[in-house]
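Here are a couple of exercises to work through with the model open. Try each one before you read its solution.

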Amino acid sequence: MKLDELGNWRRTHLSNEATPKLAGAEVVVMGRVGDVRDLGGIKFFILSDISGSIQVTAPKAKTDKKILGKIDSLTQESTVAVKGKVVAAEQAPRGVEVLPSEIRILNLAITPLPLDPRGRVKANLDTRLDARALDLRRSESLAIFKIRHQALQSVRDHLISEGLIEVNTPKIVATATESGAALFPISYFEREAFLSQSPQLYKEVLTGCFERVFEVGPIYRAEEHDTPRHLNEAISIDIEVAYATAEDVTKILEDLIVKVFSQVKRTCAKELKVLERKLEVPRKPFPRITYDEALKNLEQAGVKVPWGEDLPTPAERKLGELVGGAYFVIDWPMATKPFYTMPKRDDPKLADAFDLMYGEIELASGGTRVHQETLLVKQLKQKGLNPQSFESHLQNFRTGLPPHAGWGLGLDRLTMVLTGAENIRECVLFPRDRKRLTP
RNA sequence: GCCCUGGUGGUGUAGACCGGUCUAACAUGCAGGCCUGUCGAGCCUGCGCCUCGGGUUCAAAUCCCGGCCAGGGCGCCA
């Protein structure tokens, strides 16, 4: 069948702007076709757009045959433009409908669709991700990304209000920034380069220029992890602040989390309801648990973690159960933290660093950083790294880099926590994991 | 990478343990029909499936082995 052109038609109204008050007006609405119901003498279809939906009603006796024919040819999820008169009708959903005077079929969707976008039959996550563009039309998916959008906006508002400026650092880099995580090598002309696993080194350097910076950007980790909360490409919210310590940036983080939660709760009530998510805004100050206390509590609960090791997943789970909500784990052993971490003044075995947890999920980690070259070189060596390969970074420390502190917060994980999603892939439009490289 | 579980129409499931009665069921979907107020419309008719390869057996969706894929757990990691 031949499709119609958009031509000079433009939307005059979003579907939810059509209300009984608008009765008598001629409108042009555009959107996707939902249910088509043919009752013989009268035909209906639901037109949905980003704002909601409106019923288009065509009584056989009063409607042009050409229009009736077009309605018959519609398939679910096809895209149409409808010009017609708004009519108040008690029998219609929302008490209002449009009687079409002309319909343009802009694109026809195939049938059957790879999944049911109205969710009457639930599809597996894998099926959904394979047909992600269609899956993202589902109300639950839309809700997740609306919440993600709001969270990100709140993050930006808050950090800017704290006097931070937004920066962008290279994602193609020459060396690793963390000792642990594996890198994706890429071919950079005649040399090997890597995808950046963290903006860490750049944001530290920028505290010497802009004093307070933040970045929202992708980070790449070539880890083989295959879990519901890891991705190989993630979006990280990173801050770094001059003349500050871990405790200072902890406060920024705490305020930020409270702001994000309360703004999402206020502005995304509809979306939270779609997701059946009851969001509780954490109260300040968040509990602060030392690493030693965490280990003690875990041992009492039957989970043993040797001192000096990072918390494995089962331990994080148990701790999440024991504490719940948002809390900080502080005073980590230096061995668990990267080379740029400042040791505590009164106990150099411990790092002046923290993790922000929400339940069992690690949302953020940060701390005071080393700003003296000699100590940094010493710690690089202790981690088995070669200071020579960090020469271009180290030279920044010779020109008066101020003391500084910062953190990195995972946007995808933050979205998980806000939406209650059990798999991080739900919270990313087109996730990249161990096995998935498309779509 | 390891362990566990699974793979049945477009989608989601049942059947499998205990091989035959499976000509594979249900829901949704799709196609057609009836119906002038549907709104997860209803009713009627129809369409469409056993992941791939090998093995056991008179007989395999069902049992065994392997591949591929997926989900969960772990490790690694944020």
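**Exercise 1.** Find which helices and strands each supply at least two residues of the surface near RNA strand B, then sort the residues of that surface by class.

*Solution.* Start with the elements: strand 1 (26–38), strand 2 (42–49), helix 2 (125–130) and helix 9 (313–323) each give at least two residues. Helices (H or I, at least four residues) and strands (E, at least two) are DSSP runs, numbered from the N terminus. This is a predicted model, where local features need pLDDT of at least 70, side-chain atom pairs count only at pLDDT 80 or more, and totals for chains, interfaces and linings use all residues. Residues are numbered from 1 along each chain as its sequence is written, chains are lettered from A and ligands numbered from 1 in the order written, and side-chain values use heavy atoms, leaving out hydrogens and water.

Next, the classes: you get 17 nonpolar, 13 polar and 17 charged residues. Here Ala, Val, Leu, Ile, Met, Phe, Trp, Tyr, Cys and Pro count as nonpolar, Asp, Glu, Lys and Arg as charged, and the others, Gly among them, as polar.

**Exercise 2.** How many residues surround RNA strand B, and which are the closest?

*Solution.* There are 47, and the closest are Arg37, Glu97, His230, Leu231 and Glu362. "Near" means that a residue has a heavy atom within 4 Å of the strand.

**Exercise 3.** Where does helix 4 touch helix 12, and at what angle do they pack?

*Solution.* Helix 4 (residues 139–161) packs on helix 12 (residues 411–419) at about 120 degrees, with the axes 10 Å apart. Contact (heavy atoms within 4.5 Å) involves residues including Ile144 and Leu152 of helix 4 and Leu411 and Leu418 of helix 12.

Note on methods
Axes fitted to C-alpha atoms, helices over the stretch in contact; angles between N-to-C directions.
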